[in-house]
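User: I'd like a short walk through this model. Please show me how to read each kind of feature as we go.

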Amino acid sequence: MFDRAYDIVCRDAATPVARLYALKGRAGEPEDAGLRDKNLSCARPEEAPIPDLRGVGKAECRNGAGLNYTIYTLRHGDELLSAEGLSAYDSALQIGLRALAADRAVGGEISVATTNAGDPAAFARVQAASLDPGQALAAGYGRNVEGSYAEASEFFEALVGRVRTKNAETSKTAEYYANAAMQQSNLGNMAEADRLFAEASKVADGSDPLFGRLFRNLKATHKLNKRDADGAIAALDTAVPAIAEAAGLSSRLAEGFIDKKLSQRLQIDDDAMTRLGGGATYLSEAERGTLLDAQSHYLRGVALRLKHERDAARSEFAKVLADYSSVRGGAVRSMHWMVASVSIELAQMAEAEGKGGVAENHLRDALRIYEADYPESATVLAVKARLAGLQAKHGAMNDAIPAYRQLVRDAARIPGGSEALRALIKPYFDALAAKGDVQSARDFFVASQAMVRPGVAQTQAVFARELSGGSDEASSLFRQSISLSRDIVVTDVEIARLGAIESRTPQEDQALVAAQAHRQQAGADQTALLARLAAFPKFRIMTNSALELEGMQAELKPDEGYYKLLIVDEAAYGILVRRDSARIFKLRATRTDLEKLTNTIRDSIVIEESNQLTTNPFDLSASHKMYDLLFGAVAGEIPSIRHLVFEPDGPLLKLPANVLVMDQASVDAYAARQKVKNPDEFDFTGTAWLGRDRLISTAVSAQSFVDVRSLPASRAKRHYLGMGQNMPTAQLEWAPHSEEGRDACDWTLSLWNKPISSAELKLASQLLGGFGNEVVTEEGFSDTALRERDDLKDFRIIQFATHGLVTAPRPGCPARPALVTSYGKRQSDGLLSFKEIFDLRLDADTVILSACDTAGAATAAATREAGIGTGGNFALDGLVRAFVGAGARSVIASHWPVPDDYDATKKLMSLIYEDSSTRPIGESMRLSQNRLMDDPLTSHPYYWAAFAIVGDAAKPLSGGTANQFAGAESAANEKEARQ
């Protein structure tokens, strides 16, 4: 009755890679109907052998971009069938043509490789923007089932964005919002999930029986993610409308009449779709309702298992399987995941009852389903991790450790792999910490790098998206790396296939030799390409490549140490790497313990009350307790470490390490002073601070520290650029002056009316000297002006004095890391977002963020109120990484604004700017901090501990010399004289 066309999409291709056509009664080809690219250059078609088909024509072409392109055509009854697209996807083209001819789904192996270059969520976002809403919705559901939640989130968020811009079907608005909420819940962003669920509720059609069931299930799943079993059961008890099959569709179809209402119904009423498709296997509304009810039984069973009501849980799981089997005899392949999920639940209950063998059988049942339907997915990794955990629990650690080691390697290349493992890999780290030998340290160091924090994953998704869509050399090389990686993996598969043939024909021998030669050349090309990409900070900051332990040790000097904190669920681990040794250990504290202690320490430094920053006496006892928890196992090593590189995790992201107190004697001495008459409770002189006798660097990852250490100095010719002191909105006629019409999650305009003084910028410019220093403030300091500057790469030191935003504006809103700027006249929101920072072109030795909240949460209380559990995630993983990606070698970021009392700012920063090209920045920081530590008026950490050096504190503030700047100034003066 109708012509048909389908897109073929691939996970890491930004646009559809191929198309399928079934054209009724056509003598010509798709190009005759204006459907084919007119820039194709094709050879004469030849007959191609495809299983189950005869008379297939194949044309090899090149498209306008110079890529190989294949066209298959087949005359089938009164239809012309065509499958055409990029030649790299040939196996998908062949299966697609077979499916068109059979008018049903057909089986087959697709040997297209996917790549995890950068972050797959970046491609999901670009892909979501290029697909129609129905395709994007299906892709989002698929990624969710695979466990690739970051990718799924990109699809659903893109659909929500289309609704907001009125570029998507509004009848599905509630579904888009609900699924976007679900992915945020899966990623652990509960406050954002709550907000999106609320948005879905506002627009939901309460009379829709299918969406009612879906929404009920999603809300219950969200409750389970919160470990709220009772809340999940309450959600599942929500009444939903009964299902009554739509009538009259078939007769209207027979008349050839499709109006808007019928078009929408066709998306869900599969009885009608079955008639239209000539026997296609679409599900009816009643069948879909049954499967959604089966899912509700599954969720209820999970909740009951969490409540330890196992018999009741098993009863619910039996209902799941019964409902599933009642629909098409259990032949709905897209719901196999639910059967596998039931097997995993049964396995967990069997394990809890000490039935290890039964648990293993259930897990292997689930694994068979996932490997068949979702190969190379995060769900497969998760089941394998459960099996390894079962081995570890029952004493087969010698088998479990190699299994975990392989899982860590696999997680690096499988989308969502890190997130899937993070919740299941604790037995591996426990075993490695217990063994404590050299090999265990090696394994721990590599595995710990695979445990990417959610904040890092979300940030890298944005960065990879920005890079993949760019037009500069780095973007071009990045896209080439994706294509080349795919080519290598496909070639490896072909070599393995040919090598496995016991008695090869001469043609197969020739094909094997050719494939091996191609693989060798492709490997050499890839090595060269990655070497070129490594020169671009935008690429380095995105990669999750794991550094071997020996690689870190080779970079460390004898008096240096690298300390990495790792938090997995509630367990916390540490590893201290020295040049000739490494030691791993489990902390005697849980995540919750560390969170509470961190908040106690932070609140004793500075806390915001009634919009005012308040300082209380510093809690030395809590600080020493934290030091003992983190470093107690290696306390004997710390005195010999002159430069400590600290990679924090979890709550420690929002606490500067230099405020930790190394000995109990300092605590006792302070307590004794408080017993005298009229004690000074703010006098902390004589305290053995961790930062007193050593340089301290903060690292975002092991690889990033090594990268920064190996980078050459900036080649910029100008010394210093300072920017800050934004213009209040009331003084700019083009800026908003009222909250009316602004988004509920926008920051209030009062933030722009409290600019941070530019005094520090002017002081820095004066102390640094050099050629071409510049300080930009007020109206000139706008996001628009910054984006339009093309000379940022000419400055070695760039400093911002402004508010940094890393928490959410209010509960239920997402955190959007940014720096406050003045409002520009065009396309301005008065914010320099971390995406915009990443797109800046810098060549700076150091970026200084003298702004509130750029290294951690402004206050622990503000962070808790905003609903962000780990506080500094978005600061360290957002703003700082963005500046490093833009081209900064190191970033000096502040945890709170340094006060002007007692001339503290000038005392702290003056030494940092002195000898900026020779003395290590960490040593300058240490000397200036010691000056404040030893003065009773400024010995409280509030005055001296705000700044963290993210990068390498052993490098100078600027690599430029006085002679170099003088030479640049002379050359500029001569040029000006000639003009």
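Predicted model: local features only at pLDDT ≥ 70, side-chain atom pairs only at ≥ 80, totals over all residues.

User: How many cavities of 30 Å³ or more does the structure hold?

Analyst: Definition before count. On a 1 Å grid over the protein atoms alone, a cavity is a set of points where a 1.4 Å probe fits but cannot get out; lining residues have an atom within 4 Å of a point. Grid points are joined across faces, edges and corners, and the volume is the space filled by probe spheres set on the points. Here there are four such cavities.

User: What lines the second largest cavity?

Analyst: Its lining has 24 residues. Nearest the centre lie I696, T698, F947, A948 and I949. Strands β14 (695-698) and β23 (947-950) and helix α36 (921-933) each supply at least two lining residues. Helices (H or I, at least four residues) and strands (E, at least two) are DSSP runs, numbered from the N terminus.

User: Which classes make up the lining of the second largest cavity?

Analyst: It has 16 nonpolar, six polar and two charged residues. Nonpolar covers Ala, Val, Leu, Ile, Met, Phe, Trp, Tyr, Cys and Pro; charged covers Asp, Glu, Lys and Arg; the others, Gly among them, are polar.

User: Now α14. What span should the helix have, and what span does the model give?

Analyst: The expected span is 1.5 Å times one less than the number of residues. Helix α14 (residues 336-352) has 17 residues, so it should span 24 Å; its end C-alpha atoms lie 25 Å apart, which agrees. Its buried residues include W337, M338, I344, E345 and M349. Buried means under 20% relative accessible area, exposed over 50%, partly exposed in between (1.4 Å probe, protein chains only). Just after α14, G354 takes a positive phi of about 80°.

User: How many salt bridges does the structure hold?

Analyst: A salt bridge puts a side-chain nitrogen of Lys or Arg within 4 Å of a carboxyl oxygen of Asp or Glu. The structure holds 50. One joins K355 to E353, with the closest N and O atoms 3.6 Å apart. K355 is partly exposed at 44% relative accessibility. E353 is partly exposed too, at 31%.

User: Where in the chain do E647 and K564 sit?

Analyst: Their side chains meet in a salt bridge at 2.6 Å, N to O. The pair links distant parts of the chain: E647 is in strand β13 (residues 643-647), K564 in strand β8 (residues 560-568), 83 residues apart. E647 and K564 are both buried.

User: How far apart in α36 are R926 and E923?

Analyst: The general idea comes from helix geometry. An α-helix has 3.6 residues a turn, so residues three or four places apart point the same way. R926 and E923 are three residues apart in α36, so about one helical turn separates them. Their salt bridge is 2.9 Å, N to O. R926 is buried at 10% relative accessible area, and E923 is buried at 15%.

User: Last, S640. Which residues does S640 touch?

Analyst: Contact means heavy atoms within 4.5 Å. Not counting residues up to four places away in sequence, S640 touches D559 and R578. The C-alpha atoms of S640 and D559 are 6.3 Å apart, though 81 residues separate them along the chain. S640 is in the loop between α27 (620-631) and β13, and is partly exposed at 42% relative accessibility.

Terms used:
Residues numbered from 1 in each chain as written. Heavy atoms only, no water. 1 Å grid on protein atoms, 1.4 Å probe; cavity = no way out; pocket = protein on both sides within 12 Å on 5 of 7 lines; lining within 4 Å.
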